[in-house]
Amino acid sequence: MEGSIKRHSEKLTNMKSKYDDLQARLVSLEESVERREQLGRRTNLLFHGLKEDEPGALRDVIFRLLNGYFTHKTWRDEDIEDVHRLGHRTQSSRPRAVFVKLSRQSDAMLALRSKEGRDTLRDRGGVRVAAE
């Protein structure tokens, strides 16, 4: 009987040790995922105030805005990975934000740091640009 209790005690100790190791690994993986998500968001821009009925495809509208107001570079198709509106269309008069995922973090940072481009876009078109 004592031998059986000792074996079970050793098994429980072993299982507790494995559980603690797995829990530590889980925390580490969650932190890693969070870091990767944060890095991925660094290339994202949000355009607020862009009219829902803006003529042309949304991607083309974003290209016009980027090339018109953020002139530190000539924006090309490969500079933008994704463009779409956020949320569902509602009866509200407020337009939905436009999500833009750029290919390079440096492009997003340059656009966000371009105070003149952002201010001119806001003053002339009523469109604000922000980081996600």
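Guide: The radius of gyration is taken over C-alpha atoms, and the globule rule is 2.2 Å times the number of residues to the power 0.38. For 132 residues, a compact globule would come near 14 Å, but the chain has 25 Å. The C-alpha atoms fill a box of roughly 85 × 35 × 25 Å along the principal axes.

Visitor: What should I know about the source of these values?

Guide: This is a predicted model: local features need pLDDT of at least 70, side-chain atom pairs count only at pLDDT 80 or more, and totals for chains, interfaces and linings use all residues. Residues are numbered from 1 along each chain as its sequence is written, and side-chain values use heavy atoms, with hydrogens and water left out.

Visitor: How many helices and strands are in the chain?

Guide: The chain has 4 helices and 4 strands. Helices (H or I, at least four residues) and strands (E, at least two) are DSSP runs, numbered from the N terminus. From that end the order is α-β-α-β-β-α-α-β.

Visitor: Why is strand 1 called mostly covered?

Guide: Buried means under 20% relative accessible area, exposed over 50%, partly exposed in between (1.4 Å probe, protein chains only). In strand 1 (residues 44–48), 4 of the 5 residues are buried. Over the 132 residues of the chain, 26% count as buried.

Visitor: What makes strand 1 a partner of strand 3 and of strand 4?

Guide: Two strands pair if DSSP finds at least two bridges between them. Strand 1 has 4 bridges to strand 3 (residues 98–102), antiparallel. Leu45 bridges to Val100 there. Strand 1 also has 4 bridges to strand 4 (residues 128–131), again antiparallel. There, Leu46 has Ala130 as its bridge partner.

Visitor: In what order do the strands of the open sheet run?

Guide: The order of the 4 strands is 2-3-1-4, with antiparallel pairing. Strand 2 (80–85) and strand 4 are the edge strands, since each pairs on one side only.

Visitor: How do you know that Lys73 sits over the ring of Trp75?

Guide: The rule asks for NZ of Lys or CZ of Arg within 6 Å of the ring centre and within 35 degrees of the ring normal. The charged end of Lys73 is 5.0 Å from the centre of the Trp75 ring and counts as sitting over that ring.
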